[in-house]
Amino acid sequence: MSRPEDSPWAVSVAQVSTRAGQSTRVDRDFPAPEGIGDQVVGIPAGTPVHVEGDIDSLVDGLLLQAHISVPLKTECTRCLRPVDTSIQDDPVVFFPYKDPEPEPTHGKEEILAEQEEASGQTYPLASGGAFMDLEALLRDTLVEALPLQPLCRPDCRGLCPQCGMDLNDHPDHHHEIMDDRWAALEGLKQRLEQEENPGNNGQAGE
């Protein structure tokens with residue numbers, strides 16, 4: 001069984017967790033956890049994720065205020081061009097020394113749920129409070145920050161729906177499209193004319 005300190009996402013906090021008022025700084029790369037997006041829009045496991053911030057000790061836990069950044073390679077959802085960008089986020093999370101004990105709700109589940117949502121993100125400490133493991137925090141933060149529809153630029157014109165030509169390179173490109181409804185009416189007109197003048201074809205051949 002692996003030890004908490006052997007995790008690639010472990011940060012030693014034993015020195016600052018001894019009493020309130022102490023702080024330490026984290027400034028290093030961590031590997032991206034698995035399960036962040038997919039092959040189209042996602043971050044491959046192991047991609048370096050830079051975390052820079054401060055860990056402050058409070059009476060009942062540790063507060064992490066950090067800036068997270070990671071490169072993101074994907075493709076534009078309109079024109080399919082490669083897009084090289086990055087994800088930037090500034091989480092503020094709390095690591096309590098002890099897991100909160102559940103209290104009787106007495107029919108106040110909705111109120112407690114609202115209070116929990118307003119309190120922000122909370123993650124447990126490992127090894128009796130000696131280590132802060134950032135795996136779950138990184139996964140939650142990056143999954144939430146993934147763009148739903150990445151674009152190469154806000155005004156991307158996309159691809160021609162008829163032939164797939166990139167309209168960013170050829171903004172004047174277009175196709176002459178005949179309305180099928182008029183084509184059907186033209187065919188009906190010709191049939192009606194033939195029914196009204198059935199002998200025209202024969203007379204024309206004499």
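**Entry 1. A surface patch**

I began at the surface, where L185, L188 and L192 form a nonpolar patch with about 260 Å² of accessible area together. For patches I took residues with over 30% relative accessible area and no salt bridge, joining nonpolar side chains (Val, Leu, Ile, Met, Phe, Trp, Tyr) within 5 Å and like charges within 9 Å. Accessible areas come from the Shrake-Rupley method with a 1.4 Å probe, and for residues only the protein chains shown count as cover. I placed L188 in helix 3. L188 is partly exposed, at 37% relative accessible area. The classes I used are buried for under 20% relative accessible area, exposed for over 50%, and partly exposed in between (1.4 Å probe, protein chains only).

**Entry 2. Basis of the notes**

I note that the model is predicted, that local features need pLDDT of at least 70 and side-chain atom pairs count only at pLDDT 80 or more, while totals for chains, interfaces and linings use all residues. Residues are numbered from 1 along each chain as its sequence is written, and side-chain values use heavy atoms, with hydrogens and water left out.

**Entry 3. The chain as a whole**

I looked up the secondary structure and found four helices and eight strands in the protein chain. Helices (H or I, at least four residues) and strands (E, at least two) are DSSP runs, numbered from the N terminus. The order from the N terminus is β-β-β-β-β-β-α-β-β-α-α-α.

I then turned to burial: 29% of the 206 residues of the protein chain count as buried. The protein chain exposes about 14,400 Å², of which carbon and sulfur atoms supply 50%. Taking a contact as heavy atoms within 4.5 Å, I considered pairs of residues at least 6 apart in sequence; 59% of these contacts in the protein chain join residues at least 24 apart.

**Entry 4. Helix 2**

Which residues of helix 2 are buried? In helix 2 (residues 135–145), they are L137, L138, T141 and L142. These residues cover an arc of only 110° around the axis, which puts them on the same side of helix 2. The arc is that of the directions from the helix axis to the C-beta atoms. As background, I recall that an α-helix has 3.6 residues a turn, so residues three or four places apart point the same way.

I also looked up the partners of this side. The buried residues of helix 2 pack against strand 2 (23–31), strand 3 (48–57), strand 4 (61–75), strand 5 (82–89), strand 6 and strand 7.

E144 is also in helix 2, but E144 is exposed, with a relative accessible area of 68%. I recorded a C-alpha to C-alpha separation of 9.9 Å between E144 and D89, which are 55 residues apart in sequence.

**Entry 5. Salt bridges**

How many salt bridges does the structure hold? I found eight. A salt bridge here is a side-chain nitrogen of Lys or Arg within 4 Å of a carboxyl oxygen of Asp or Glu.

R139 and E135 are four residues apart, about one turn of the helix. R139 is partly exposed at 25% relative accessibility, and E135 is partly exposed at 25%.

R81 and D169 form another, their closest N and O atoms being 2.7 Å apart. This pair links distant parts of the chain, 88 residues apart: R81 is in the loop between strand 4 and strand 5, and D169 is in the loop between helix 2 and helix 3 (180–196). R81 is partly exposed, at 29%, as is D169, at 49%.

I also noted R3, E5 and D6, which are linked in a network of salt bridges. Between D6 and R3 the closest N and O atoms are 3.1 Å apart. D6 has a relative accessible area of 44% and is partly exposed; R3, at 48%, is partly exposed too.

**Entry 6. An aromatic pair**

For aromatic pairs I took rings of Phe, Tyr and Trp (its six-membered ring) with centres within 6.5 Å; planes under 30 degrees apart count as stacked, over 60 as edge-to-face and the rest as tilted. The count by this rule is one aromatic pair. F95 and Y123 form this tilted pair, at 6.0 Å centre to centre and 35° between the planes. F95 lies in strand 6 (residues 92–96) and Y123 in the loop between strand 7 (121–122) and strand 8 (131–133), so the pair ties together parts that are 28 residues apart in sequence. F95 is buried at 0% relative accessibility, and Y123 is buried at 9%.
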